[in-house]
Amino acid sequence: MNDDRPELARQRDLDQVYEPAEDSHLLAETAREYVTADDRVLEVGTGSGYVATALADTGAAVVATDINPMACREARDAGLAVVRANLVEPFRDGVFDVVAFNPPYLPTPPEQEFDDWMERALSGGEDGRAVVDPFLDTVRRVLAEDGVVLLLVSSLTDIEAVRERAAAGGLDAREVADESHPFERLVVLELRPDRR
(Lines give C-alpha, C1' and ligand atoms only; values in the text may rest on other atoms or scores of the structure.)
Protein backbone atom coordinates (compact mmCIF):
# COMPACT_ATOMS: atom_id res chain seq x y z
CA MET A 1 0.00 0.00 0.00
CA ASN A 2 1.30 3.45 -0.90
CA ASP A 3 1.12 5.49 2.33
CA ASP A 4 1.26 8.87 0.59
CA ARG A 5 -2.19 8.46 -0.99
CA PRO A 6 -4.84 10.69 0.61
CA GLU A 7 -7.54 8.92 2.58
CA LEU A 8 -11.13 10.07 1.99
CA ALA A 9 -11.61 10.65 5.71
CA ARG A 10 -8.51 12.82 6.00
CA GLN A 11 -9.57 14.84 2.97
CA ARG A 12 -12.81 15.59 4.79
CA ASP A 13 -11.25 16.04 8.27
CA LEU A 14 -13.57 13.45 9.80
CA ASP A 15 -13.16 10.86 12.52
CA GLN A 16 -14.47 7.29 12.35
CA VAL A 17 -18.26 7.92 12.49
CA TYR A 18 -20.08 9.65 9.65
CA GLU A 19 -21.52 12.92 10.88
CA PRO A 20 -24.67 14.46 9.37
CA ALA A 21 -24.25 16.42 6.17
CA GLU A 22 -26.51 17.62 3.34
CA ASP A 23 -27.34 14.05 2.34
CA SER A 24 -28.37 13.12 5.91
CA HIS A 25 -30.60 16.17 6.18
CA LEU A 26 -32.31 15.49 2.84
CA LEU A 27 -33.01 11.87 3.78
CA ALA A 28 -34.25 12.74 7.27
CA GLU A 29 -36.60 15.47 6.06
CA THR A 30 -37.98 13.30 3.27
CA ALA A 31 -38.37 10.18 5.40
CA ARG A 32 -40.24 12.04 8.15
CA GLU A 33 -43.05 12.60 5.63
CA TYR A 34 -43.48 8.82 5.30
CA VAL A 35 -43.32 7.79 8.96
CA THR A 36 -46.22 7.65 11.41
CA ALA A 37 -46.26 6.79 15.09
CA ASP A 38 -47.52 3.26 14.35
CA ASP A 39 -44.68 2.37 12.00
CA ARG A 40 -41.78 -0.02 12.50
CA VAL A 41 -38.77 1.73 10.98
CA LEU A 42 -35.25 0.59 10.15
CA GLU A 43 -32.41 2.94 9.39
CA VAL A 44 -29.52 1.09 7.78
CA GLY A 45 -26.05 2.61 8.20
CA THR A 46 -27.04 5.04 10.93
CA GLY A 47 -23.64 6.64 11.54
CA SER A 48 -24.21 9.26 14.23
CA GLY A 49 -27.92 8.38 14.44
CA TYR A 50 -29.11 11.68 12.99
CA VAL A 51 -31.72 10.22 10.58
CA ALA A 52 -32.93 7.57 13.05
CA THR A 53 -33.37 10.21 15.75
CA ALA A 54 -35.43 12.40 13.40
CA LEU A 55 -37.64 9.40 12.59
CA ALA A 56 -37.97 8.35 16.25
CA ASP A 57 -39.23 11.87 17.01
CA THR A 58 -42.40 10.93 15.08
CA GLY A 59 -43.19 8.33 17.74
CA ALA A 60 -42.38 5.39 15.45
CA ALA A 61 -40.53 2.32 16.72
CA VAL A 62 -37.09 2.82 15.17
CA VAL A 63 -34.16 0.43 15.00
CA ALA A 64 -30.81 1.76 13.79
CA THR A 65 -28.04 -0.40 12.37
CA ASP A 66 -24.45 0.06 11.38
CA ILE A 67 -21.55 -2.26 10.70
CA ASN A 68 -19.18 0.16 12.47
CA PRO A 69 -19.05 -0.57 16.23
CA MET A 70 -18.16 3.07 16.98
CA ALA A 71 -21.24 4.28 15.09
CA CYS A 72 -23.38 1.78 17.00
CA ARG A 73 -22.03 3.12 20.28
CA GLU A 74 -22.64 6.74 19.25
CA ALA A 75 -26.21 6.01 18.10
CA ARG A 76 -26.90 4.05 21.30
CA ASP A 77 -25.57 6.99 23.34
CA ALA A 78 -28.12 9.15 21.46
CA GLY A 79 -30.87 6.94 22.91
CA LEU A 80 -31.56 4.76 19.87
CA ALA A 81 -32.21 1.03 19.72
CA VAL A 82 -29.17 -0.20 17.79
CA VAL A 83 -28.13 -3.48 16.19
CA ARG A 84 -24.65 -3.98 14.77
CA ALA A 85 -25.45 -5.46 11.39
CA ASN A 86 -24.46 -5.69 7.77
CA LEU A 87 -27.39 -4.18 5.88
CA VAL A 88 -30.62 -6.11 6.70
CA GLU A 89 -29.11 -9.52 7.51
CA PRO A 90 -30.35 -10.15 11.07
CA PHE A 91 -33.97 -9.14 10.59
CA ARG A 92 -37.05 -11.27 10.00
CA ASP A 93 -39.03 -11.17 6.80
CA GLY A 94 -41.73 -8.53 6.39
CA VAL A 95 -41.12 -6.69 9.67
CA PHE A 96 -40.49 -3.03 8.66
CA ASP A 97 -42.95 -0.47 7.33
CA VAL A 98 -40.19 1.97 6.38
CA VAL A 99 -36.50 1.38 5.66
CA ALA A 100 -34.20 4.40 5.21
CA PHE A 101 -30.62 4.24 3.97
CA ASN A 102 -27.95 6.81 3.16
CA PRO A 103 -25.30 4.42 1.81
CA PRO A 104 -21.65 4.97 1.01
CA TYR A 105 -21.89 6.24 -2.56
CA LEU A 106 -18.72 8.10 -3.49
CA PRO A 107 -17.04 6.42 -6.47
CA THR A 108 -13.56 5.52 -5.28
CA PRO A 109 -10.73 4.04 -7.38
CA PRO A 110 -9.26 0.87 -5.85
CA GLU A 111 -5.90 2.56 -5.30
CA GLN A 112 -7.60 5.09 -3.00
CA GLU A 113 -9.43 2.50 -0.88
CA PHE A 114 -8.28 2.13 2.71
CA ASP A 115 -9.51 -0.20 5.39
CA ASP A 116 -10.90 2.04 8.08
CA TRP A 117 -14.43 2.81 9.26
CA MET A 118 -14.74 6.26 7.74
CA GLU A 119 -13.60 4.97 4.37
CA ARG A 120 -16.34 2.32 4.57
CA ALA A 121 -18.88 5.04 5.39
CA LEU A 122 -17.89 7.11 2.35
CA SER A 123 -16.61 4.84 -0.40
CA GLY A 124 -19.03 3.15 -2.76
CA GLY A 125 -16.33 1.35 -4.73
CA GLU A 126 -15.43 2.12 -8.32
CA ASP A 127 -18.99 2.82 -9.49
CA GLY A 128 -20.39 4.12 -6.19
CA ARG A 129 -22.75 1.15 -5.89
CA ALA A 130 -20.68 -1.43 -4.00
CA VAL A 131 -23.04 -1.21 -1.00
CA VAL A 132 -26.15 0.03 -2.82
CA ASP A 133 -26.44 -3.08 -5.02
CA PRO A 134 -26.35 -5.69 -2.19
CA PHE A 135 -28.83 -3.56 -0.25
CA LEU A 136 -31.22 -3.51 -3.20
CA ASP A 137 -30.83 -7.26 -3.60
CA THR A 138 -31.94 -7.94 -0.01
CA VAL A 139 -34.10 -5.13 1.36
CA ARG A 140 -37.42 -6.27 -0.09
CA ARG A 141 -37.30 -9.33 2.19
CA VAL A 142 -37.64 -7.23 5.37
CA LEU A 143 -40.39 -4.93 4.08
CA ALA A 144 -43.96 -5.25 5.28
CA GLU A 145 -46.50 -5.88 2.52
CA ASP A 146 -47.12 -2.16 1.98
CA GLY A 147 -43.64 -1.09 3.08
CA VAL A 148 -41.45 1.57 1.53
CA VAL A 149 -37.71 2.07 1.19
CA LEU A 150 -36.21 5.54 1.07
CA LEU A 151 -32.75 5.38 -0.47
CA LEU A 152 -30.48 8.37 -0.89
CA VAL A 153 -28.28 8.22 -3.99
CA SER A 154 -26.07 10.62 -5.89
CA SER A 155 -25.80 11.43 -9.56
CA LEU A 156 -22.20 10.19 -9.14
CA THR A 157 -23.58 6.64 -8.74
CA ASP A 158 -25.64 6.59 -11.96
CA ILE A 159 -29.19 6.92 -10.68
CA GLU A 160 -30.61 5.03 -13.67
CA ALA A 161 -28.38 2.04 -12.87
CA VAL A 162 -29.70 2.13 -9.29
CA ARG A 163 -33.29 2.16 -10.58
CA GLU A 164 -32.56 -0.81 -12.85
CA ARG A 165 -31.02 -2.79 -9.98
CA ALA A 166 -34.04 -1.98 -7.80
CA ALA A 167 -36.37 -3.24 -10.54
CA ALA A 168 -34.35 -6.46 -10.78
CA GLY A 169 -34.94 -6.86 -7.03
CA GLY A 170 -38.70 -6.40 -7.44
CA LEU A 171 -38.87 -2.75 -6.41
CA ASP A 172 -40.43 0.13 -8.31
CA ALA A 173 -38.42 3.35 -7.92
CA ARG A 174 -39.37 6.99 -8.23
CA GLU A 175 -37.60 10.18 -7.23
CA VAL A 176 -39.35 11.95 -4.36
CA ALA A 177 -36.77 14.59 -3.36
CA ASP A 178 -33.56 16.05 -4.69
CA GLU A 179 -30.96 18.76 -4.11
CA SER A 180 -28.32 20.07 -6.48
CA HIS A 181 -24.79 20.67 -5.24
CA PRO A 182 -21.68 21.85 -7.12
CA PHE A 183 -20.49 18.39 -8.19
CA GLU A 184 -23.56 16.19 -7.79
CA ARG A 185 -27.30 15.92 -7.46
CA LEU A 186 -28.58 14.12 -4.38
CA VAL A 187 -31.80 12.16 -4.85
CA VAL A 188 -34.10 10.27 -2.50
CA LEU A 189 -35.67 7.30 -4.24
CA GLU A 190 -38.93 5.86 -2.98
CA LEU A 191 -38.85 2.11 -3.54
CA ARG A 192 -41.99 -0.01 -3.25
CA PRO A 193 -42.57 -3.69 -3.98
CA ASP A 194 -43.51 -4.25 -7.60
CA ARG A 195 -47.12 -5.51 -7.62
CA ARG A 196 -46.89 -6.98 -11.13
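In what kind of link do the side chains of arginine 129 and aspartate 127 meet?

Analyst: They meet in a salt bridge, with 3.2 Å from N to O. A salt bridge here is a side-chain nitrogen of Lys or Arg within 4 Å of a carboxyl oxygen of Asp or Glu. This is a predicted model: local features need pLDDT of at least 70, side-chain atom pairs count only at pLDDT 80 or more, and totals for chains, interfaces and linings use all residues. Residues are numbered from 1 along each chain as its sequence is written, and side-chain values use heavy atoms, leaving out hydrogens and water.

How open are the two partners? Arginine 129 counts as buried, at 15% relative accessibility. Aspartate 127 counts as partly exposed, at 33%. Buried means under 20% relative accessible area, exposed means over 50%, and partly exposed lies in between (1.4 Å probe, protein chains only).

The structure holds 10 salt bridges. Side chains of opposite charge can pair when their charged atoms come close. One of the bridges joins arginine 174 to glutamate 190, with the closest N and O atoms 3.0 Å apart. Arginine 174 lies in strand β6 (residues 171–181) and glutamate 190 in strand β7 (residues 184–193), so this pair ties together parts that are 16 residues apart in sequence. Strands (E, at least two residues) and helices (H or I, at least four) are DSSP runs, numbered from the N terminus. Arginine 174 is partly exposed at 46%, while glutamate 190 is buried at 7%.

Arginine 185 and aspartate 178 also form a salt bridge, at 3.1 Å from N to O. Arginine 185 is partly exposed, with a relative accessible area of 27%. Aspartate 178 is partly exposed too, at 41%. Elsewhere, a network of salt bridges links Asp133, Asp137 and Arg165.

Now place β6 and β7 in their sheet. The sheet is open and has 7 strands, in the order β3-β2-β1-β4-β5-β7-β6, with mixed pairing. Two strands pair if DSSP finds at least two bridges between them. β3 (81–84) and β6 stand at the edges, each with a single partner strand, so one side of each has no neighbour in the sheet. Strands β1 (residues 40–44) and β2 (residues 61–66) run parallel and are joined by 4 bridges. Glutamate 43 has alanine 64 in β2 as its bridge partner.

Helix α2 (residues 22–32) lies across β4 (96–101), β5 (143–154), β6 and β7, and runs at about 130° to β6. Axes are lines fitted to C-alpha atoms, for helices over the stretch in contact, and angles run from 0 to 180 degrees between N-to-C directions. Contact means heavy atoms within 4.5 Å.

Last, the rings. The structure holds 2 aromatic pairs. Rings of Phe, Tyr and Trp (its six-membered ring) pair if their centres lie within 6.5 Å; planes under 30 degrees apart count as stacked, over 60 as edge-to-face and the rest as tilted. Phenylalanine 91 and phenylalanine 96 are edge-to-face, 5.2 Å centre to centre, with 80° between the planes. Both phenylalanine 91 and phenylalanine 96 are buried. Phenylalanine 101 and phenylalanine 135 are tilted, at 4.7 Å and 55°. Phenylalanine 101 lies in strand β4 and phenylalanine 135 in helix α6, so this pair ties together parts that are 34 residues apart in sequence.
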